[in-house]
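The sequence and the structure are shown first.

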Amino acid sequence: MTAEGPMPMDQVTRYRTIWISDVHLGTRACNANLLLDFLKHTDSDTLYLVGDIVDGWRLKKSWYWPQQHNDVIQKLLRKARKGTRVLYIPGNHDEAARQFVGQNFGDVDVADDCIHETADGRRFLVIHGDQFDVVVRYAKWLAHIGDKAYELLLHTNTALNIVRRRLGFSYWSLSAYMKQRAKRAVEFVGRFELALVEEARRRGVDGVICGHIHTAELKDMQGMTYVNDGDWVESCTALVEHDDGRLEILHWADIVAARDAVATPEPALKPQRAA
């Protein structure tokens, strides 16, 4: 659901700015179908790709690249060709692209991080965020072990949602549910958020927009604004900026479910015969 209600199937909504991250193309857990639907129904003046768009870690282990993943790349490049300003900020899973920081490929600018100014004059540091994850930064081998365990959980998540779709239920993330209820995961997220907020304060801006931890959030922290645009593996979320500078997190699986419910209303009950 958007703030205005269910989105019609053929409607394209234009925003001033869109942020997406942690797509993890090249993995079976990527919800490319939902992302393609999002890209079809939205447009923007500026589009930020905030890291982990392609999962180089996983592709090194085994190649997986279905047509839908190629369609996502083509759709992003098409938006850039048609005038959308596209900025790509690589993350840790697509860190190989960091060697191209400062260059432009296919009308896409590559940056390590950047400052975004909203329509209402607020300034935000836009960064993937892995630089503030101590496991990724100082014990990369441990991060790879954790990635393997996470992969197993996502396989379970994928199988579960196949069953849910066949039963007529909408997308639901087992991995996100477990993360929200694991004490250590909650503590890690809290430390990560605080570190990013402190970095934004150090740079003299009003807040930070990041990805990396697959937990969509928009909140005030210690007088700063912390925003995480989520991911397209667990939460299927994007951050958008409206023309007045207002920021909003779109939960696209919920929007699609609401749209489908409107498109396919329940059949009317047959009137009962009088006794």
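In strand 7, Val126 is the bridge partner of Cys114. The structure discussed here is a predicted model. Strand 7 covers residues 123-126, and its pairing with strand 6 is antiparallel, over 4 bridges. Val126 also stands opposite Ile209 in strand 8. The pairing of strand 7 with strand 8 is parallel and runs over 3 bridges.

Strand 8 in turn pairs with strand 10 (residues 224-228), again in the parallel sense, over 4 bridges. Here Gly207 has Thr225 of strand 10 as its bridge partner. Strand 8 comprises residues 207-210, with Gly207 and Ile209 pointing one way and Val208 and Cys210 pointing the other way. All four of these residues are buried.

## Packing of helix 1 and helix 3

Two packed helices are described by the angle between their axes and the distance between the axes. For helix 1 (residues 32-41) and helix 3 (residues 67-81), the angle is about 20 degrees and the axes lie 9 Å apart. Helix 1 is therefore roughly parallel to helix 3, since angles under 35 degrees count as such. The crossing of the two helices is left-handed.

Helix 1 contributes Ala32, Asn33, Leu35, Leu36, Leu39 and Lys40 to the contact, while helix 3 contributes Gln68, His69, Asp71, Val72, Lys75, Leu76 and Lys79. By class, the residues of this contact comprise 6 nonpolar, 3 polar and 4 charged.

## Burial of helix 1

Helix 1 is mostly covered, with 8 of its 10 residues buried. These buried residues are Ala32, Leu34, Leu35, Leu36, Asp37, Phe38, Leu39 and His41. Ala32, Leu35, Leu36 and Leu39 are among the buried residues of helix 1 and also take part in the contact with helix 3.

## Histidines with positive phi

Most residues other than glycine have a negative phi. His24, although not a glycine, has a positive phi of about 60 degrees. His24 lies in the loop between strand 1 (13-20) and helix 1. With 5% relative accessibility, His24 counts as buried, because the cut-off for a buried residue is under 20%.

A positive phi is also found at His214, where the value is near 55 degrees. His214 is placed in the loop between strand 8 and strand 9. His214 is buried as well, and its relative accessible area is 7%.

## The protein as a whole

The protein contains 8 helices and 12 strands. Of its 275 residues, 48% are buried. Among contacts between residues at least 6 apart in sequence, 69% join residues at least 24 apart.

Methods: Residues numbered from 1 in each chain as written. Predicted model: local features only at pLDDT ≥ 70, side-chain atom pairs only at ≥ 80, totals over all residues. Heavy atoms only, no water. Axes fitted to C-alpha atoms, helices over the stretch in contact; angles between N-to-C directions. Parallel < 35°, antiparallel > 145°, perpendicular 65-115°, else oblique. Left-handed = near helix turned anticlockwise from the far one by under 90°. Contact = heavy atoms within 4.5 Å. Nonpolar A, V, L, I, M, F, W, Y, C, P; charged D, E, K, R; others polar. Pairing = 2+ DSSP bridges. Buried < 20%, exposed > 50% of the residue type's maximum accessible area, 1.4 Å probe, protein only.
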